Amino acid sequence: MSIDIKRETKTEQNQQVSEYINKVLSLIEKEEINKEEVAWITKETVDGFREHVNPGFLAYRKTVTKDGQFAAVEWSDNGACFKDVNGKEYIDCLGGFGIYNVGHRNPKVVKAVTDQLKRQALHSQDLLDPLRAMLAKILADITPGDLKYAFFTNSGTESVEAALKLAKMYSERSTFISTTRAFHGKSLGSLSGTAKGMFRKPFLPLIPGFRHVPFGDIDMIRKTFEVCASVGEDVAAVILEPIQGEGGIILPPEGYLKQVRELCDQYGSLLIFDEVQTGMGRTGKMFAAELYDVVPDIICLAKAFGGGVMPAGAIVAREEVFKSWFPNPFMHTTTFGGNPLACAAAIATIGVLIEENLPERAGVVGEYFLRGLKEAAKGHEDKVLEIRGQGLMIGIEFHKDEIGYEVSKGMFDRGILVAGTLINSKTIRIEPALSISYEEVDKVIRTFKEVLSLVKA
């Protein structure tokens, strides 16, 4: 093919791409879309996932929805709900795996982001950016104990990576204790702390030095500390979710976290709390650490940290630990972490949580929700193994995966989105907006009861 023909072909291709982009942008601009546009969006979405994103997502959707529902395409959202392109509304009890603590498109968070966008979207990286300093001060004020210095990220796995690197640099040790059923992310460092073999095996060997022990077993952690010390592999840190999220909403035994704190102090090790899912009011306190009266050395945040509007995360650490990065602040950096838009979103999110008293509300509404679900499950002990939770972080565990799948399908068909957890597929999660109304809670409970009565054990 000659150069001229190639140029002509490329020009035609660019013209087609430009036309496609303009059509997409015009749809984004519209407040309402017609039936023809709905059909086009649905087809382009399904085809795009099949040909250019990952067809595995389509296969997954087919396994967790009833016939024809797999191609549901979400289009808009507000409060505790979202709508698909056909206008069907769903109560969101999955909540983007826990990102919508202040609701979908909270107006105060959206306003903060759009106001900042009018002035500056990203920063130059070299000068001092004000919102990062202000957000760090706010975090120092609201986090437990003497946590003081913050480093900002874009996601939960990045927060965990930062915490692991900080712990290594502080202690000059390389051994970490994590737990079974833990989920800390899927980048190589955080995946080393994650427990599920399916996620780990294809990428072995991972970062060396990680020891996994059963969650809640303080004697096993104690023995692991002893063994590591005796062979010269002293523990840099223990990393824990105060309440395991992806593991199936697993609450710690009474006194467990305090005992872990004591062991860390005894052996000169750090305690890292992964509060990516439990933080920002989800469990009835701003941070789950407060529930158990334990102050970690490093706390990891993300998911709801950006208010469901911006991807944002952070770690906050004690000065004694964080000062390892003082001599050279470029030892660990990120281009987009702590950008002005994300910081604006996080600042507004914290403001909403405090002003509307959402952490406390999560505790009260969560108790009501938990009672209602347990009442709805009475008489179905052959299907439901346990319903447990803290605040608006609730897990419904079934005897078999198949029951959970059928319940999820039935609820989705009736306008309620729930889903299983990544580590424990028998458990479906309830993690709605902390602002969810009692009427919406009652609808979820009624729907659960109805669907449960139709599912076979």
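## A buried strand residue

I239 is found in strand β7, which covers residues 235-240; helices (H or I, at least four residues) and strands (E, at least two) are DSSP runs, numbered from the N terminus. The model is a predicted one, in which local features need pLDDT of at least 70 and side-chain atom pairs count only at pLDDT 80 or more, while totals for chains, interfaces and linings use all residues. Residues are numbered from 1 along each chain as its sequence is written, and side-chain values use heavy atoms, with hydrogens and water left out.

With a relative accessible area of 1%, I239 is buried; buried means under 20% relative accessible area, exposed means over 50%, and partly exposed lies in between, with a 1.4 Å probe and protein chains only. Once its neighbours within four places in sequence are left aside, I239 is in contact with V160, L164, I177, S178, H184 and I272, where contact means heavy atoms within 4.5 Å. I239 and K118, by comparison, are 121 residues apart in sequence and 40 Å apart in space, C-alpha to C-alpha.

## Pockets and a cavity

Rolling a probe the size of a water molecule over the atoms shows where empty space is left. On a 1 Å grid over the protein atoms alone, a cavity is a set of points where a 1.4 Å probe fits but cannot get out, whereas a pocket is an open set with protein on both sides within 12 Å along at least five of seven lines, and lining residues have an atom within 4 Å of a point. Grid points are joined across faces, edges and corners, and a volume is the space filled by probe spheres set on the points.

| Space | Volume | Nonpolar lining residues | Polar lining residues | Charged lining residues |
|---|---|---|---|---|
| Largest cavity | about 40 Å³ | seven nonpolar | three polar | no charged |

In these classes, Ala, Val, Leu, Ile, Met, Phe, Trp, Tyr, Cys and Pro count as nonpolar, Asp, Glu, Lys and Arg as charged, and the others, Gly among them, as polar.

The largest pocket is lined by 43 residues, and F57, Y60, R61, V64 and F97 are those that lie nearest its centre. Helix α3 gives the most to this lining, with seven residues, and the elements that each supply at least two residues include α2 (35-53), α3 (55-64) and α16 (401-413).

The second largest pocket has 26 lining residues, of which D129, R132, A150, F151 and P329 lie nearest its centre. Two or more residues of this lining come from each of α6 (130-142) and β4 (147-153), and β4 provides the largest share, five residues.

A search of the whole structure finds one cavity of 30 Å³ or more. Its lining consists of L135, F152, T153, F305, A312, G313, G338, A342, C343 and A346, to which β4 and α14 (340-355) each supply at least two residues, α14 giving the most, with three.

## Helix α17

The 17 residues of helix α17 (residues 438-454) should span 24 Å at 1.5 Å a residue, and the end C-alpha atoms are 25 Å apart, which agrees; the expected span is 1.5 Å times one less than the number of residues. The buried residues of α17 are V441, V444, I445, T447, F448, V451 and L452. Seen down the axis of α17, these buried residues fall within an arc of 165 degrees, so they line one face of the helix, the arc being that of the directions from the helix axis to the C-beta atoms. On the other side of α17, E439, R446, K449 and L454 are exposed, while the cover over the buried residues includes β3, α15 (358-376), β11 (384-390), β12 (393-398), α16 and β13 (416-417).

## Backbone geometry

Most residues other than glycine have a negative phi, and most peptide bonds are trans. L204 and P205 are joined by a cis peptide bond with omega of about -5 degrees, and P205 has its place in the loop between α9 and β6 (210-213).

M280, which is not a glycine, has a positive phi near 65 degrees; M280 sits in the loop between β8 (270-274) and α12 (288-291) and is buried, with a relative accessible area of 1%. K303, also a residue other than glycine, has a positive phi near 45 degrees; K303 is found in the loop between β9 (298-301) and β10 (313-318) and is partly exposed, with a relative accessible area of 25%.
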